[in-house]
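Biologist: Before we discuss any geometry, could we put the model on screen and go through its side chains one feature at a time?

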Amino acid sequence: MRRLPQSGAWMLLTFVAIFSSCSRSQSAALSNSASPSGETTLRSLDLSYEKPAVAGATVRASAAGLPPGKTVDLAWGTVTGGWVIEDYYHFGGKKFSETTKTLGQFPVDASGRLDAHFAIPEDYGGVHEIIGLIDGKSVAQNGIDVTQTFELSPKSGPIGTLIELKVKGLGWRTMESTWVVNWDNHALGWVSAAGTRGSAVARFRATGPVGDHIIKLYTGWQGQSYLNYEQAPNGELPRPQFTFHTTPGGPSQGAYAEAYQPQAIPQTEVKVAGATLALAPTEGPVGTHAMLSGAGFSPNSSLQLVWQTSVGSRVSGLGFEPQENVVAQVKVGSEGKFESPLTIPEDLGGLHEVVLRSGDRLVARAFFVIETSIVSITPKFGPAGTPVTIHLKGVGWTEYDNIYVATYDNAYMGYACGFNSQGDVVIHFTATGEPGEHLIDFYPGIYEGPSKEPQQLYRLPQLTYADDHPGNKIPALRFTFRVMPAPEPHITTRIRRSPDPS
């Protein structure tokens with residue numbers, strides 16, 4: 001497994017190395033590969049395709065001078081890997097390792113010529129080697145530089161319309177891995193597909209006022225837009241621009257959390273032979289009413305029901321540690337069965353153990369995932385200058401889940417952490433803007449990356465959160481505040497009477 005370098009110096013070196021990789025690989029193959037006839041010769045693999053090369057495009061591959069009647073296996077050079085999560089909570093950045101996948105097997109005709117067609121796989125963008133092999137030995141080689149594609153839909157709608165930006169071909173290498181979305185020249189968030197083989201969907205909402213709004217994508221390997229991209233070493237990469245037309249009407253939805261994706265939950269563990277344990281449900285917000293049930297336990301025994309969490313603070317430098325809290329006593333019946341209701345306590349979002357203990361001995365454990373939930377936005381309307389408060393519960397604690405990053409009308413506003421306050425988060429800000437609806441969106445971010453990496457990419461809104469956020473793929477939270485017209489000043493007219501001359 002090879003770790004992707006992240007420093008600025010490595011960025012440029014990596015980029016240069018990529019575009020010389022084909023010639024270097026060919027030279028290596030020329031010196032090390034033997035053809036089936038015993039000759040040390042690597043043939044030219046001619047590739048014909050419509051440029052720029054994009055996923056799904058048809059490629060014609062041809063070569064001459066090959067052994068007649070043989071079969072060529074065309075291999076596609078790529079990588080496997082993506083985001084790295086260790087011990088559930090630790091975010092380790094990105095790691096990739098090289099691999100190949102087959103594009104198909106194709107015959108060599110009687111004249112020794114290969115004439116094959118294949119579709120460019122939906123894969124990471126950047127340079128990919130195409131290698132022709134006969135009997136496992138390289139006989140022909142070339143490369144394709146796969147570029148990125150971007151598709152926006154819809155292109156018009158009222159305030160609050162959910163916009164999807166579909167991307168394909170985002171790279172795994174540093175210079176091709178991150179794009180940045182600007183809305184009306186305001187930084188909105190970043191787009192990646194590190195764990196999804198280059199394809200993902202960025203999601204954000206249309207804001208006002210009514211009329212056209214410019215959506216511009218820039219490259220920016222650390223999450224900030226690189227404006228003079230024409231002069232960048234990767235100036236040939238696409239930086240598309242779209243126009244979204246915001247229309248009148250259509251009130252937005254107020255405050256809501258997008259649906260949670262099913263979370264990865266470990267298998268229930270039981271230390272008693274023949275016993276079973278079940279918890280239902282296994283996912284939900286704080287206050288969820290769950291039921292823990294079991295069978296096959298020691299009849300007429302008593303067990304401690306323990307809720308596991310983590311406590312501490314990364315900011316203080318003291319770190320964090322697991323903590324167990326006894327929440328109930330479970331009475332096992334004469335048949336070895338029990339049912340014990342459990343109200344999920346107010347705590348950090350993410351995975352928690354629900355443990356049964358007999359004294360200090362672990363008897364069994366299940367798992368529950370707390371989802372982030374919205375308590376309130378107060379008030380929901382008022383004139384510009386109104387103080388606004390948003391209250392959340394169940395914000396996470398891992399290095400990838402313990403922040404939400406806020407935008408106001410698609411402009412970056414800041415981030416909020418949930419660890420130090422055990423998942424209870426209160427945010428204060430002041431309403432601004434012209435009368436009408438204004439959108440506040442909370443996007444997943446990443447609290448911090450590996451210490452040896454630059455940190456600018458993290459603590460910014462990740463717009464591809466639903467597909468490519470590391471770990472739990474927590475959802476976005478959406479709010480609307482209506483700015484009301486300022487009240488008309490109250491004018492009092494007083495009539496002054498002249499003194500009576502009489």
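Predicted model: local features only at pLDDT ≥ 70, side-chain atom pairs only at ≥ 80, totals over all residues.

Biologist: Where is L217 placed, and which residues does L217 touch?

Modeller: Strands are DSSP runs of E with at least two residues, and helices are runs of H or I with at least four, both numbered from the N terminus; L217 is in strand β16 (residues 211-219). Contact means heavy atoms within 4.5 Å, and, not counting residues up to four places away in sequence, L217 touches F150, L165, W179, V180, V181, R239, P240 and F242.

Biologist: Why does L217 count as buried?

Modeller: Buried means under 20% relative accessible area, with exposed over 50% and partly exposed in between, using a 1.4 Å probe and protein chains only; L217 counts as buried because its relative accessibility is 0%.

Biologist: How is a pair of aromatic rings described?

Modeller: It is described by the distance of the centres and the angle of the planes. Rings of Phe, Tyr and Trp (its six-membered ring) pair if their centres lie within 6.5 Å, and planes under 30 degrees apart count as stacked, over 60 as edge-to-face and the rest as tilted. By this rule the count comes to 17 aromatic pairs. The centres of W183 and F244 are 6.2 Å apart and their planes stand at 45 degrees, so the pair is tilted. This pair links distant parts of the chain, with W183 in strand β13 (residues 179-183) and F244 in strand β17 (residues 241-247), 61 residues apart, and both W183 and F244 are buried.

Biologist: Which residues do ring pairs link into a cluster?

Modeller: The cluster consists of Y88, Y89, W397, Y400 and F419.

Biologist: What lies over the face of Y447?

Modeller: A charge sits over a ring if NZ of Lys or CZ of Arg is within 6 Å of the ring centre and within 35 degrees of the ring normal. R459 lies over the face of Y447 at 4.3 Å from the ring centre, and the charged end of K216 sits over the ring of Y218, 5.7 Å from its centre.

Biologist: Is R205 buried or exposed?

Modeller: R205, in strand β15 (residues 200-205), counts as buried because its relative accessibility is 1%.

Methods. Residues numbered from 1 in each chain as written. Heavy atoms only, no water.
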